[in-house]
Amino acid sequence: MAKTLIGVIMNVLIVEDCKVMQLMIKRALNISDLEIGKIYLAENGMDGMDLIKENDIELLILDMNMPVMNGMQMLEILRSNSETEGVPVLVVSTESNEKRVESMMKLGDNFVHKPFTPEQLITGLHSLGLKQKSY
């Protein structure tokens, strides 16, 4: 499902209801070797969907357990829409139920358990086949 974005500076959407976790993810992106453009933030899936409709998003980092619209609901909508079905998604969650994690993995492209280190997040992003900076 993941697509490789070659020569593209990626706009990233972080959908996460915890401000501290948003900041940690943003910092990890900034120290990564990925071609990162704008970073958008949303606190739930509904706000995330609005941002996806209004902006060119090439990468989604998505929490599962959020108010209003959870990550699974958002993923189901994204994957059923031809315009967003190919957006690479890294799921970040504290979820430990194997069946729920398996369901998330069917719709997302990779999964990283919280808490994580910046290196673990970056490794999860690399597994999506994303374009790295050329030095």
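1. Which residues of helix 3 meet which residues of helix 4? Keep that in mind as you turn the model, which is a predicted one. On the helix 3 side you will find Met72, Leu75, Glu76 and Arg79, and they meet Arg100, Ser103, Met104 and Leu107 of helix 4. Sorted by class, this contact has four nonpolar residues, one polar residue and three charged residues.

2. Now for the geometry of that pair. In general, two packed helices are described by the angle between their axes and the distance between the axes. Helix 4 covers residues 98–107, and its axis comes within 10 Å of the axis of helix 3, with a crossing angle of roughly 30°. Angles under 35 degrees count as roughly parallel, so helix 3 is roughly parallel to helix 4. The crossing of helix 3 with helix 4 is left-handed.

3. Helix 2 spans residues 45–54 and helix 3 spans residues 71–79; their axes come within 9 Å and cross at roughly 30°. That angle makes helix 2 roughly parallel to helix 3. Here the crossing is right-handed. The class count is five nonpolar, two polar and no charged residues.

4. Next, please look at helix 1 (residues 19–31) and helix 5 (residues 118–126). Their axes come within 9 Å and cross at roughly 65°. Because angles of 65 to 115 degrees count as roughly perpendicular, helix 1 is described as roughly perpendicular to helix 5. This crossing is right-handed.

5. What classes of residue make up the contact of helix 1 with helix 5? Helix 1 brings Ile25, Ala28, Leu29 and Ile31, which meet Pro118, Leu121, Ile122 and Leu125 of helix 5. The contact divides into eight nonpolar residues, with no polar and no charged ones.

6. Two loop residues deserve a moment of your time. Pro115 sits in the loop between strand 5 (110–113) and helix 5. The peptide bond that joins Lys114 and Pro115 is cis, with omega at about -10°. The other residue is Val68, in the loop between strand 3 (59–63) and helix 3. Its phi is near 70°, a positive value in a residue other than glycine.

7. Finally, how much space lies in the largest pocket? The answer is about 150 Å³. To find the pocket, select its lining: Met49, Ile52, Lys53, Asn55, Asp56, Ile57, Asn81, Glu83, Thr84 and Val87. By class, four of these lining residues are nonpolar, three are polar and three are charged.

Methods:
Residues are numbered from 1 along each chain as its sequence is written. This is a predicted model: local features need pLDDT of at least 70, side-chain atom pairs count only at pLDDT 80 or more; totals for chains, interfaces and linings use all residues. Side-chain values use heavy atoms; hydrogens and water are left out. On a 1 Å grid over the protein atoms alone, a cavity is a set of points where a 1.4 Å probe fits but cannot get out, and a pocket is an open set with protein on both sides within 12 Å along at least five of seven lines; lining residues have an atom within 4 Å of a point. Grid points are joined across faces, edges and corners, and a volume is the space filled by probe spheres set on the points. Ala, Val, Leu, Ile, Met, Phe, Trp, Tyr, Cys and Pro count as nonpolar, Asp, Glu, Lys and Arg as charged, and the others, Gly among them, as polar. Axes are lines fitted to C-alpha atoms, for helices over the stretch in contact, and angles run from 0 to 180 degrees between N-to-C directions. Helices (H or I, at least four residues) and strands (E, at least two) are DSSP runs, numbered from the N terminus. Angles under 35 degrees count as roughly parallel, over 145 as roughly antiparallel, 65 to 115 as roughly perpendicular and the rest as oblique. A crossing is left-handed if the near helix is turned anticlockwise from the far one by less than a right angle, and right-handed if clockwise. Contact means heavy atoms within 4.5 Å.
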